[in-house]
Amino acid sequence: MGDRYNIHSQLEHLQSKYIGTGHADTNKWEWLTNQHRDSYASYMGHTDMLNYFAVAENESKARVKFNLMERMLQPCGPPPERPED
């Protein structure tokens, strides 16, 4: 019983520390939004990917970085309406 409680507390700690791990109440929109934001952050962090996107889009690296940051605001559109309880 002690091991089970310990694993559960570790999982809760990970979920509070890292947003992308999700939890029981995470819906599809939240999950996809986290995935898109993580991808955009990775693209901005890897210089080679940023250079590739800049060449492919015929834009400057600064413009590509700005566009990626702008897309991070609502990568999957506005949140869906929640039914009232």
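**Notebook: phenylalanine 53 and its surroundings**

I began with phenylalanine 53 and, setting aside neighbours within four places in sequence, I found this residue in contact with Tyr43 and Val64. I note at the outset that the model is predicted.

Tyrosine 43, at 28% relative accessibility, counts as partly exposed.

**Aromatic pairs**

I searched the whole structure for aromatic pairs, and the search returned three. For the pair of tyrosine 43 and phenylalanine 53, the ring centres lie 5.1 Å apart and the planes stand at 75°, so I recorded the pair as edge-to-face. This pair links distant parts of the chain, since tyrosine 43 belongs to helix α2 (residues 28-45) and phenylalanine 53 to helix α3 (residues 47-57), ten residues apart. I also noted that Tyr40, Tyr43, Tyr52 and Phe53 make up one aromatic cluster.

**Nonpolar core**

Which residues form the largest nonpolar core? I listed seven: Tyr40, Met44, Leu50, Phe53, Ala54, Val64 and Leu68. At least two residues of this core come from each of α2, α3 and α4 (61-71), and α3 gives the largest share, with three residues. As background, I recall that nonpolar side chains in soluble globular proteins tend to be buried together.

**The two sides of α3**

I then went through helix α3, where Leu50, Phe53 and Ala54 are buried. Viewed down the axis of α3, the buried residues fall within an arc of 100°, so they line one face of the helix. An α-helix has 3.6 residues a turn, so residues three or four places apart point the same way. On the other side of α3, I found Asp48, Tyr52, Val55 and Ala56 exposed. I asked what covers the buried residues of α3, and the cover includes α2 and α4.

**The whole protein**

Finally I looked up the overall values, starting with the elements, which are four helices and zero strands, running α-α-α-α from the N terminus on. Of the 85 residues of the protein, 13% count as buried. The protein exposes about 7200 Å², of which carbon and sulfur atoms supply 54%. Among the contacts between residues at least 6 apart in sequence, I recorded that 51% join residues at least 24 apart.

Notes: Residues are numbered from 1 along each chain as its sequence is written. This is a predicted model: local features need pLDDT of at least 70, side-chain atom pairs count only at pLDDT 80 or more; totals for chains, interfaces and linings use all residues. Side-chain values use heavy atoms; hydrogens and water are left out. Rings of Phe, Tyr and Trp (its six-membered ring) pair if their centres lie within 6.5 Å; planes under 30 degrees apart count as stacked, over 60 as edge-to-face and the rest as tilted. Buried means under 20% relative accessible area, exposed over 50%, partly exposed in between (1.4 Å probe, protein chains only). A nonpolar core is a set of buried Ala, Val, Leu, Ile, Met, Phe, Trp, Tyr and Cys residues joined through side-chain atoms within 4.5 Å. Contact means heavy atoms within 4.5 Å. Accessible areas come from the Shrake-Rupley method with a 1.4 Å probe; for residues, only the protein chains shown count as cover. The arc is that of the directions from the helix axis to the C-beta atoms.
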